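User: I'd like to learn how to read a model like this one. Could you take me through a residue and then a pocket?

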Amino acid sequence: MNKSGRFVLLGLAGLVLVSTSGLTGGVAVGQAAPPRSSIGGGSSGQSSAGQSTQQGEQGDLVIANEAQLPDGFPRVAYEFRFRAHGGVPTLHWQVMKVSRDGHPLGDLPPGLKLEDDGLLHGQAERAGEFQFTVAAFDGGKPQQAVQKNFTLRVKSALIIEWKSAAHVNGGRIEGSVAVTNTTPDDMDLTFDAMAVATENSRATAIGYQHFLLKRGTVAMELPFGENLPHGGYIVHVDAVGEVAAKNVIYREKMDTKALQVVVGP
């Protein structure tokens with residue numbers, strides 16, 4: 001090949017390289033892409049065509065996790081790994097706070113943090129249902145990015161529910177609750193039920209228990225009941241669980257609407 005032909009080929013190669021580098025950049029919605037990893041970038045002599053071939057072989061980037069994440073509990077260690085298929089190593093992960101047009105996309109439960117490598121961990125500070133958006137960025141050139149919405153429920157670690165809702169039986173108010181301990185610890189539990197008169201706010205104890213609630217206990221029934229003078233009452237049930245070794249206290253409570261005792265002294 002003569003000198004002139006060689007010059008033309010080199011010039012075209014140079015143009016290809018410039019055009020490819022011009023396409024480089026993040027495609028994150030709402031914020032800039034994270035720094036790219038040097039892994040998978042090849043040597044300084046690797047051509048852009050080689051990078052495109054590598055990305056094509058890897059396939060489209062897809063977040064693999066289900067949208068509903070495993071439940072968590074307040075002040076209990078939580079750990080979850082986000083994973084994706086396709087793309088070019090190495091992946092980077094972020095929580096997207098706002099969309100491209102500025103709309104909020106939710107946030108993690110307070111106390112949890114998403115690391116760059118996709119590890120979500122920490123201890124949630126409070127119960128609730130949290131919706132947020134996670135994005136993954138690969139190391140290709142051009143860079144691929146994909147995002148997905150997730151939901152994480154942080155449940156109360158000490159749970160009380162009506163087993164038999166408080167009700168009037170003659171001159172007596174009675175019922176029962178089911179108590180559950182989903183924490184990894186045994187807890188010192190105090191349970192009480194109070195009937196508060198609607199007329200004068202006088203409180204009468206109609207149930208009390210104090211015992212060690214073992215970890216993993218599900219729906220243990222705690223009954224309550226007492227004869228009361230005629231009148232209206234609102235029943236308050238309260239459960240407090242203490243794990244002294246960790247200096248942690250859990251508390252749950254429920255109330256009823258006014259109940260009317262029509263038979264009594």
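Analyst: Happy to! Keep in mind that this is a predicted model. Let's begin with Asn65, which sits in the loop between strand E1 (62-63) and strand E2 (77-81).

User: Is Asn65 buried or exposed?

Analyst: The general idea is to compare relative accessibility with a cut-off: under 20% means buried. Asn65 has 10% relative accessibility, so it counts as buried.

User: Which residues is Asn65 in contact with, leaving aside its neighbours within four places in sequence?

Analyst: Those are Phe80, Arg81, Phe82, Arg83, Lys148 and Phe150.

User: What does the side chain of Asn65 reach at 3.3 Å?

Analyst: For polar contacts, look at pairs of N or O atoms within 3.5 Å. Here the Asn65 side chain reaches the backbone oxygen of Arg81 at 3.3 Å. A polar atom of that side chain also lies 2.8 Å from the backbone nitrogen of Arg83.

User: Now the pocket. Which residues line the largest pocket?

Analyst: With a pocket, look at its volume and then its lining. The largest pocket has a volume of about 210 Å³. Its lining residues include Ala197, Glu199, Arg202, His230 and Tyr233. Strand E14 (residues 231-243) gives the most to this lining, with three residues.

User: How many residues of that lining are nonpolar, polar and charged?

Analyst: The lining divides into four nonpolar, five polar and two charged residues.

User: And how many helices and strands are there in the protein chain?

Analyst: The protein chain has two helices and 16 strands. Buried residues make up 37% of its 265 residues.

Key:
Residues numbered from 1 in each chain as written. Predicted model: local features only at pLDDT ≥ 70, side-chain atom pairs only at ≥ 80, totals over all residues. Heavy atoms only, no water. Helix = DSSP H or I, 4+ residues; strand = E, 2+ residues; numbered from the N terminus. Buried < 20%, exposed > 50% of the residue type's maximum accessible area, 1.4 Å probe, protein only. Polar contact = N/O pair within 3.5 Å; in protein donor to acceptor, adjacent residues only side chain to side chain. Contact = heavy atoms within 4.5 Å. 1 Å grid on protein atoms, 1.4 Å probe; cavity = no way out; pocket = protein on both sides within 12 Å on 5 of 7 lines; lining within 4 Å. Points joined across faces, edges and corners; volume = space filled by probe spheres on them. Nonpolar A, V, L, I, M, F, W, Y, C, P; charged D, E, K, R; others polar.
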